[in-house]
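Hi,

Here is the structure I promised to pass on. Have a look at it first, and then read my notes below.

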Amino acid sequence: MNGSVSEKLTQLCGKPLERATDREVYLALLRLVEELAGQRVEPVRGRKLYYISAEFLMGKLLSNNLINLGLYDQVRDCLERTGHRLSDIEELEPEPSLGNGGLGRLAACFLDSLATLNLPGDGIGLRYHCGLFRQKFADGRQTELPDPWLTDEGWAKRTDTVYPVELAGTVYQARLYRLAVTGYNGGTNQLNLFDLDTVDESVITGGIAMDKTCVDKNLTLFLYPDDSDEAGRLLRIYQQYLMVSAGAQLILAECEARGCTLHDLPDYAAIQINDTHPSMVIPELIRLLEQRGIGFDEAVDIVTRTCAYTNHTILAEALETWPRTYLEQVVPQLMPIIQQLDALARTRSDDGTTAIIDDRGGVHMAHMDIHFTHSTNGVAALHTEILKSSELANFYKLYPEKFNNKTNGITFRRWLLACNPRLTGEIESLIGPGFKQGAGQLEGLLPLARDRAVLERLGGIKRANKEDLARWLEEKQGARVDPAAMFSIQSKRLHAYKRQQLNLLYLIHQYFEIQAGHMPPVPLVSIFGAKAAPAYTIAKDIIHALLTLSAVIDETPEVRQWLQIVFVENYNVTAAEKMIPACDLSEQISLASKEASGTGNMKFMLNGAVTLGTMDGANVEIAQRVGEENIYIFGQSSGQVIHRYDAGDYRAREWYDADPNLRRAIDFLTGPEMLARGSAESLGRLRDDLMNSDWFQTLPDFNAYLVRKGQALADYAHDPLGWQSKCLTNIAKAGYFSSDRTIAEYDRDIWHLG
Ligand code: 26V
């Protein structure tokens, strides 16, 4: 950059920084980043990646961009000298909530790593005006509000590029917006987001309800519009097709501009299909290639060689199957192609379970992906093995060469450098700065696992981060917590398979124990962050139970000094950045076999928290790396769980009847303390579900969870240095979970970019 940061910012502000408002400084910083990011754009040679995803959970971008451009320290100091604080300016940036959880955040981490590794790779998605809902607690329940984040000035720039997209016989114009993605000491890529000019927030009728009929006005208003009715489900197909049709046109236009004849498309483009939401890109590309004179068989071959598919879940309800009548209504132009693909798939196997269109007219998007892409990957070793051996076994028999694993990762720039400057500084002073780009170098910390002075400093850093979190919780929602307590955190989407309800039962158990005079070895602050899908009743019941229990405990002074529950309202990337550096115990307690990977587990580990978890998802790989003395594992194995499902012999009631502690905790849900503050209907429904159904087998793991968590609390209380040694080992072993490693593997095995 020519001239100093302060000269440049003064010029962009048009006045001395001392006299500029924070907002003027913010806008100047936006322009500075854009200018510098623009200078790093390189012309693409060879193959370029297009990562298509319904979600990109980017989080705020200012600090991250400043770090990636190497400007963070200079800007912070310059602002301080002129009477501003970077942290205040960060507050002005709206957070785009263009994602739900791990899948969307993974896409954002991948974009960061692609740019950092100087690989040509752009994202393609939708510019939702309100993203996921904003969560507000009222009367101990989740309510949903729109979360508008678009302002006149922002990272996503409107372009003049529009593509026609035909939906249910009407042609809409999809406009391209572009957002620069900076790499750490690396290049700049783009996130391409499509939108319609006609979308209009005034069709929102209250909360996140809206008029679902006027597609031109509502199409990109929300991520996952309520799909509990047919209009909502149709809207999801409208959204998906807008994204893939405009995306496919963009890809073909870019490739043709670089000299591609389309017969050689796989030499110019690699397309990664992030879960099944973008699967219609397969028939859409075939359609566009046919339109340009390429025959069906060749088009199928081109598309298969260009596209690859990532599976992120084995939960049946999330493996999208659309009624063909819906597709006939919204995308009639694709149906003949999908039928041809189904016929072709049926020639490859007489096994009806691998068909695309089933006997009942359901169109299985994942099946289309596996047949007509060259790669299907799972997101952690165990997940991929389960796909191969059970969920997708029939496909694995057909195409063993297509299946591969890519264990997820996280970007260390956001999840260490940006969110935990204290720990970053300490690590740098111990092993130098190389870990910022070469995450494996964190292993250099291992010899320090017995160094008393280092361990004490680590403890001090955690304590300071906990004090920061305590201040933030008080300012944000008036929650007062003691940083001397142990902080356990479970933050992730609310879903019964993730088993926030297991944590709930533990907390009720502790409530009884403390009242009986059995004090825990250390006070515990149990922190939750989670949004429940608006139509997911039991998930909302679990939130209600936790909020109600939190109030019950707050009003019971003899318990409150030992146990507290804080449910962070509206958990999002910004909240995660405050919570993760302040965590002692990371709760990763899903029912084994159900969590494909988890990525929060990696973020907590990197920030020096110890995991309490089941042998599920990437927990398995964390355990392998840190060793059993540095992680608290409990519960049934995935093999046992799968066996129980196959046998169909799980009866929650038997566990309830057999274990008095469990019975006491479950009955407490509808006992007088809870009913005095909570809803009998909601708490009764949750109790009934746990006793009589419990699809995600919470009860069999209850005892093991009590015992293991008790051990963690005792170790933390009685051997603080030993605990810090576990934390240090976790940090040292986190290098494998860098998304730089994940992206390098995708490139080596699937994409072959550049
Ligand atoms: C499904 C549904 C169904 C109900 C409506 C909302 C909704 C939203 C998304 C999905 C897709 C679920 C797939 C998913 O998010 N998988 C997560 O992917 C992470 C990144 O690979 C992984 O770490 C998590 O374990 C996995 O749950």
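The side chains of S349 and T354 are joined by a polar contact of 3.5 Å. Please keep in mind that this is a predicted model. If you want to find S349, go to the loop that runs between α13 (335-348) and β13 (362-364). Once neighbours within four places in sequence are set aside, S349 is in contact with T354 and L398. Is S349 buried or exposed? S349 counts as buried because its relative accessibility is 11%, and the cut-off for buried is under 20%.

The other thing I looked at is the empty space inside. Rolling a probe the size of a water molecule over the atoms shows where such space is left. The structure turns out to hold 7 cavities of 30 Å³ or more, and the volume of the largest cavity is about 100 Å³. Its lining is made up of 14 residues, of which M58, L61, N64, D112 and V181 are the closest to the centre.

Which elements give two or more residues to the lining of the largest cavity? They are α3 (62-68), α6 (102-116) and β6 (170-182). β6 gives the most, with 4 residues.

Best wishes

Terms used: Residues numbered from 1 in each chain as written. Predicted model: local features only at pLDDT ≥ 70, side-chain atom pairs only at ≥ 80, totals over all residues. Heavy atoms only, no water. 1 Å grid on protein atoms, 1.4 Å probe; cavity = no way out; pocket = protein on both sides within 12 Å on 5 of 7 lines; lining within 4 Å. Points joined across faces, edges and corners; volume = space filled by probe spheres on them. Buried < 20%, exposed > 50% of the residue type's maximum accessible area, 1.4 Å probe, protein only. Polar contact = N/O pair within 3.5 Å; in protein donor to acceptor, adjacent residues only side chain to side chain. Contact = heavy atoms within 4.5 Å.
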